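Open your viewer and get ready to click along. Each stop below tells you what to select and what to look for once you are there.

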Amino acid sequence: MNRKSKGFTLIELIMVIVVLAILAVVAIPKFTDLSVRANTSAEQGVLGGVRAGISTYHAAQVIPAYPPTLDSATNNPCSKTNPCFVNVLSQGGITSGWIKTAPLVYKGPTGASYTYVPAVGSFQ
């Protein structure tokens with residue numbers, strides 16, 4: 001009696017599991033790095049916007065001057081009630097991810113610290 005078996009053999013199932021494991025080992029580090037790169041890119045975008053806002057503020061003054069402060073936020077995390085960079089960002093400032101640590105010092109989402117120097121308009 002010739003009986004056809006249906007389904008997969010054990011070796012076929014093991015090979016599929018091995019291939020999936022290899023793919024997971026290769027893909028997981030790429031996805032973990034992706035969130036770090038996204039946070040870094042978002043921070044660089046805000047940094048560029050603030051620097052452009054400082055330059056725009058300077059150019060709009062009758063007697064060119066840089067803004068004395070970037071906002072009136074308190075030394076706390078930026079939030080809807082404590083927005084940062086409102087003096088140079090017209091859309092309402094930054095409300096999350098950043099922390100104001102001193103009157104002219106900010107910490108970005110990646111932990112990098114940036115200081116505003118009003119005399120020369122630098123934000124680094």
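Start by selecting Leu10, Ile14, Val18, Ile22 and Val26, which make up a nonpolar patch on the surface with about 470 Å² of accessible area together. Patches are built from residues with over 30% relative accessible area and no salt bridge, with like charges joined within 9 Å and nonpolar side chains (Val, Leu, Ile, Met, Phe, Trp, Tyr) joined within 5 Å. The areas come from the Shrake-Rupley method with a 1.4 Å probe, and for residues only the protein chains shown count as cover.

A word on what is on your screen: this is a predicted model, in which local features need pLDDT of at least 70 and side-chain atom pairs count only at pLDDT 80 or more, while totals for chains, interfaces and linings use all residues. Residues are numbered from 1 along each chain as its sequence is written, and side-chain values use heavy atoms, with hydrogens and water left out.

**Along the helix**

Stay with Val26 for a moment. Val26 is found in helix α1; helices (H or I, at least four residues) and strands (E, at least two) are DSSP runs, numbered from the N terminus. Is Val26 buried or exposed? Val26 is exposed, because its relative accessible area is 53% and the cut-off for exposed is over 50%, with buried under 20% and partly exposed in between (1.4 Å probe, protein chains only).

Next, select Asp33 and Arg37. Their side chains meet in a salt bridge at 3.6 Å, N to O; the term stands for a side-chain nitrogen of Lys or Arg within 4 Å of a carboxyl oxygen of Asp or Glu. Both residues lie in helix α1, four residues apart, about one turn of the helix. Arg37 is partly exposed at 48% relative accessibility, and Asp33 is partly exposed at 35%.

**A buried pair**

By this rule the count comes to two salt bridges, so go on to Asp71 and Lys100. Asp71 forms a salt bridge with Lys100, the closest N and O atoms being 2.7 Å apart. This pair links distant parts of the chain: Asp71 is in the loop between α1 and β1, Lys100 is in strand β1, and 29 residues separate them. Both Asp71 and Lys100 are buried, with Lys100 at 5% relative accessibility.

Now show the surroundings of Lys100. Leaving out residues up to four places away in sequence, Lys100 touches Asp71, Ala73, Thr74, Asn75, Asn76, Cys84, Val105 and Tyr106, where a contact means heavy atoms within 4.5 Å.

**Into the core**

Which residues touch the most other members of the largest nonpolar core? Select Val50, Leu70, Phe85, Trp98 and Phe123, out of 17 residues in this core. Such a core is a set of buried Ala, Val, Leu, Ile, Met, Phe, Trp, Tyr and Cys residues joined through side-chain atoms within 4.5 Å. The elements that give two or more residues to the core are α1 and β3 (113-117), and the largest share, four residues, comes from α1.

Click on Leu70 and list its contacts: beyond four places in sequence, they include Val50, Ile54, Phe85, Tyr106, Tyr116 and Phe123. Then move to Phe85, in the loop between α1 and β1. Phe85 counts as buried, at 0% relative accessibility. Check its backbone too: Phe85 has a positive phi of about 70° although it is not a glycine. Most residues other than glycine have a negative phi.

**Two asparagines in the loop**

Select Asn87, in the loop between α1 (10-60) and β1 (99-102). Asn87 is partly exposed, with a relative accessible area of 37%. Where does its side chain reach? The side chain of Asn87 reaches the backbone oxygen of Thr69 at 3.0 Å. Beyond four places in sequence, Asn87 touches Tyr57, Thr69, Leu70 and Asp71.

End at Asn82, which is also in the loop between α1 and β1. Asn82 is buried, with a relative accessible area of 8%, and its side chain reaches the backbone nitrogen of Thr74 at 2.8 Å. Leaving out residues up to four places away, Asn82 touches Ala73, Thr74, Asn76 and Pro77.

How values were computed: A polar contact is a pair of N or O atoms within 3.5 Å; within protein, one must be able to donate a hydrogen and the other to accept it, and residues adjacent in sequence count only if both atoms are side-chain atoms.
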